[in-house]
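Subject: Structure handover

Hello,

Here is the structure we talked about. Please open it first, then read the notes below.

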Amino acid sequence: QVQLVDSGGGLVQAGGSLRLSCAAASRTFREYAMGWFRQAPGKEREFVAGISRSGENTNYADSVKGRFIISRDNAKNAVYLQMNSLKPEDTAVYYCAARFSPLSVGSWYAREDIYDYWGQGTQVTVSS
């Protein structure tokens, strides 16, 4: 069982930066691959970034490549999303997610339906 708490959202002007955090309450956090997803008003939830258990492998949606960076600190049971050069179209509720991956050290996942646990979401609003 993993409890995830997302934080760090807010209101920022276009071109600005935000850093989202996801704190995980789990004794086995390092056995979970992690991901960030987002859902804009009237749209389906979409993949933003994924990171493997070790943090060695990452992947990004094309829309955020070069602007967002996902990272994790297994000692602190946390995953982060550094968002730079924000655009109004990045406005959404952002969710972190965890997938139990005891046998896949280097895998990240983009499919929403295979994640096991979700945070409550944090709102990011980018003004133009």
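This is a predicted model: local features need pLDDT of at least 70, side-chain atom pairs count only at pLDDT 80 or more, and totals for chains, interfaces and linings use all residues. Residues are numbered from 1 along each chain as its sequence is written, and side-chain values use heavy atoms, with hydrogens and water left out.

**Strands**

Strands here are DSSP runs of E, at least two residues long, numbered from the N terminus. Two strands pair if DSSP finds at least two bridges between them.

Ser-21 stands opposite Tyr-80 in β8.

Now look at β9. It pairs with β4 in the antiparallel sense over eight bridges. Gln-39 faces Val-93 of β9 there. Three bridges join β9 to β11, again antiparallel. Val-93 has Gln-123 as its bridge partner in β11. Strand β10 (residues 117-118) also pairs with β9, over two antiparallel bridges. Here Ala-98 has Tyr-117 as its bridge partner.

**Disulfide**

The structure holds one disulfide, meaning a pair of cysteine sulfur atoms within 2.5 Å. The disulfide joins Cys-22 to Cys-96, with S to S at 2.0 Å. Cys-22 lies in β3 and Cys-96 in β9, so the link ties together parts that are 74 residues apart in sequence. The link of Cys-22 and Cys-96 is right-handed, with 45° about the S-S bond.

Are these cysteines buried or exposed? Buried means under 20% relative accessible area, exposed over 50%, and partly exposed in between (1.4 Å probe, protein chains only). Cys-22 is buried at 1%. Cys-96 is buried at 0%.

**Core**

A nonpolar core is a set of buried Ala, Val, Leu, Ile, Met, Phe, Trp, Tyr and Cys residues joined through side-chain atoms within 4.5 Å. The largest one has 37 residues. Met-34, Trp-36, Leu-81, Met-83 and Tyr-94 have the most contacts inside it. Several strands each supply at least two residues of this core, including β3 (18-25), β8 (78-83) and β9 (92-100).

**Aromatic rings**

Rings of Phe, Tyr and Trp (its six-membered ring) pair if their centres lie within 6.5 Å; planes under 30 degrees apart count as stacked, over 60 as edge-to-face and the rest as tilted. The structure holds six aromatic pairs. In one of them, the ring centres of Phe-37 and Phe-47 are 5.7 Å apart and the planes stand at 75°, so the pair is edge-to-face. Phe-37 is in β4 (residues 32-39) and Phe-47 in β5 (residues 46-51), ten residues apart. Phe-37 counts as buried at 1% relative accessibility. Phe-47 counts as buried at 13%. Together with Tyr-115 and Trp-118, Phe-37 and Phe-47 form one aromatic cluster.

Two arginines also sit over rings. The test is NZ of Lys or CZ of Arg within 6 Å of the ring centre and within 35 degrees of the ring normal. The charged end of Arg-19 is 4.0 Å from the ring centre of Tyr-80. For Arg-45 over Tyr-95, the distance is 4.8 Å.

Best wishes

Notes. Helix = DSSP H or I, 4+ residues; strand = E, 2+ residues; numbered from the N terminus.
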